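I opened a new notebook page for this one. My notes below follow the order in which I looked things up.

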Amino acid sequence: MIIEISHFLSVLATGLFLLVGYFSILTPSSNSSYISNLIVRTYSHGFFFLLSSFLIYVWLAITDNFSVQYIANHSNTALPIFYKISSIWSAHEGSMFLWIVFLSLWGFLFNIRVKNNEVLKPKTMGVISFILVGFLIFLLATSNPFETILPIPPLNGADINPVLQDPALAIHPPTLYLGYVGFVIPFASAIAFLLYGDSKINWEALVKTWSVSAWVFLTVGITLGSWWAYYELGWGGYWFWDPVENVALMPWLAATAFIHSLGVSIKSSQLRIWTILLSILVFSLSLFGAFIVRSGIIDSVHAFANDPDRGIYLLGFIGLIVFTSVFLFILRLSSIQSLSRIKKFSKQSFISINNILFGALIFSVMLGVTYPLIYEFLFDQKISVGAPFYNAIFIPIVVLAAIFLFFSVDSKWSRSINFKFISAPISFSILLSLAFTIFVMQYFESQSISILASIFAGSLIVFRYIYEIINFIFSKKFINPFSVIAHMSLGLLLISISFNSLLSTERALSINLNTTESYKDLKISFKDIGVENNANYDSIKATFLVEDQTGRTFNLKPEKRKYFTRGQITTETAIHITFLRDIYITIGDQLDDGSWIVNIQINYLIRWIWLSALLMGLAGVILVFSNRVKT
Amino acid sequence: MNLLLKLIVFIVPTIFLLLFFMILTNEDTYPGADYDQFQIPEFELKVLDNTMTVNNDLLNGDYVLNVWASWCITCIIEHPYLTSLSKNGIPVIGLNYKDEQEDAIIWLKKYGNPYQTILHDYKGNLALDLGVTGAPETFLISDGKVVAHYQGEVNDQIWNDVFLPIIKDKKMF
């Protein structure tokens, strides 16, 4: 009964969202205060029905209600409550449900935070509601999480996939989803703006805080995913150009370009075409990510097994959204064009150049993701596009973008920079960066142009902002704190990534019990190996005593686990973390001579990569909470 | 300039959407299905009730090989469909995968047995050689050769879309 109530509330919410969409977009007088009040209230009711439906579903999961097929397939009585809840987003149906609830949550927050007399509000709510209806129908018709096993429910569930029984994974998908769907706000407002066709409305100011918030979630979500893959999947790196990482990277790149472009449009109503196109692009790419993961079109850790109807439905719905947006955009293009030209060497000019560079990056990733699919479709041969392709494209473009960023620091809105005035900070940073790069070249004997160029570009940004900070401390020159933090983190990110690829090494050793092998400056002694029995898995656990060059010693205990319920084998890595590097060990198979294969990696500055990414997110948080921007 | 922009924003998404539509509707890319043909690897397994040992030579002709286990929830859902296949005269052979013998026998008593023979693959060796990743999975086998493989629950739609074209093509059963 309680399952049916939850199911019914979802259906009811769909109906209410449909009403909101109808009132706001298809009735002519949606701006009368009567209609707009109706919209606000109906939406809130729809949201509360959907939220209640979801909370009941969470309750069903906590109480092990295995009459629900999805819960029976993905949860288990032995799981701690925390994982019973996170099992909801461990597969397709439940995660789609969460995705939709988050989408409606953003809409709800927008609904209560934005004043009713805001001219774009009714239509924005309408666009959000129509999108919700589309996805709710998708959920209920093709991937119903409320499907039941009756009359005899199983006594126990099949258990969550063991690699998902991890705290990072319990929070990585929700954070990422909040990021993806958060861009519905700028998208819906842009569509509302285009529907009105009145170029005097400043829709950009309305959505700034919302867009930055969504961007923060996306940034943090991607970082969490990268960290999880490193230690739990045993991938041993921070980025693998896996198709699903790429479909998260594309909206991130588009969103980053979008919030910069948005800043320009708010200040000077220039780049409006860019801003609108980017808002459409960010949301379309978010949807495209959902499509790639849920249509079964690619094989990946993230892909959900499923049926082709879902793919077709999603593709059709995305097509509808994209073409409606494009049609409106083409219709209104002439009225939103800015008449004023962008001045050379003004802040706008640098941002528009970087928009183009980001566009090139997005297009390349799109090509990298789709090309193997197209190739297999046409020639029936599998090819893979990997790191060499992306490195070849990303390094030069990112270095170029970093250089434009460097020159844009302290540039002025709508005025050319005065090169004389800024020559001191520029030469200061160029000299220091050159010195640093030459030092790296000599000390580490590196010949790699791409690494050196990235280090140079990264340190250019860092030194340039250090100069600004010094200026701020001593002569109280104004600086923009989030811009400083975000861009310095970008510089730090570039430097960390470069050092990581310059210095990190890995090797597979075969090692016997009670012997010592040395690798680089490390002495690795194989002390112990044994079988441990646990509640839901058996594990082979090894103990290694590692000594580094300073004589410090520590134990590392990698494991291999075999889970009973699915017979799945997982590798548990052992990692020793220091300020500059990680020592990372995984254990493989036993060879016929009794020795074990052990993989050792020394990963330099890998924590700094995630730290820089999180700092970027922090800059966004500061911006959202700062008083400079009000909704 | 404006015309160019309009063309670009229209044409780029059109190309991508069309492409994905073509890929999705292409029969070969049915998710979970693959049609790699290979000889069944050599094996020797006891049947579930321990009464005899079965190897490659004993299993000939055309049949459906269904990987199942008592711990597998989806297998319960799939079960009625397998029973109907079996009633319609299609030989279904079970591969009991990483399962305790007792549990499996209790399961069959509870739900009924659609299988002609059940191989007990306790360690999952044969399953590993066949490329099984979990349960349920189903193989279509013609004269000792795997001709189709589906990961996940077989139902009417999957049977018609994934297996039936091959069965007609090879004039099986």
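Predicted model: local features only at pLDDT ≥ 70, side-chain atom pairs only at ≥ 80, totals over all residues.

Residues are numbered from 1 along each chain as its sequence is written, while chains are lettered from A and ligands numbered from 1 in the order in which they are written.

Next I looked up the geometry. Helix α6 of chain A spans residues 121–142, and helix α8 of chain A spans 184–196. They pack at an angle of about 120°, with axes 8 Å apart.

Which residues of α6(A) make the contact? I noted A:Lys123, A:Thr124, A:Val127, A:Ile128 and A:Ile131. From α8(A), the contributors include A:Val184, A:Ala188 and A:Leu195. Contact means C-beta atoms, placed from the backbone, within 7 Å. The residues of this contact divide into eight nonpolar, two polar and one charged.

**Chain B**

I then turned to the contact between the chains, which takes 27 residues from chain B and 30 residues from chain A. On the chain B side, α1(B) gives the largest share, 12 residues. By class, that side has 17 nonpolar, eight polar and two charged residues.

Last, I checked the domains. Chain B is assigned domain 1 (1–30) and domain 2 (33–170). Their C-alpha centres lie 40 Å apart.

Terms used:
Axes fitted to C-alpha atoms, helices over the stretch in contact; angles between N-to-C directions. Helix = DSSP H or I, 4+ residues; strand = E, 2+ residues; numbered from the N terminus. Contact = placed C-beta atoms within 7 Å. Nonpolar A, V, L, I, M, F, W, Y, C, P; charged D, E, K, R; others polar. Domains from an automatic or database assignment.
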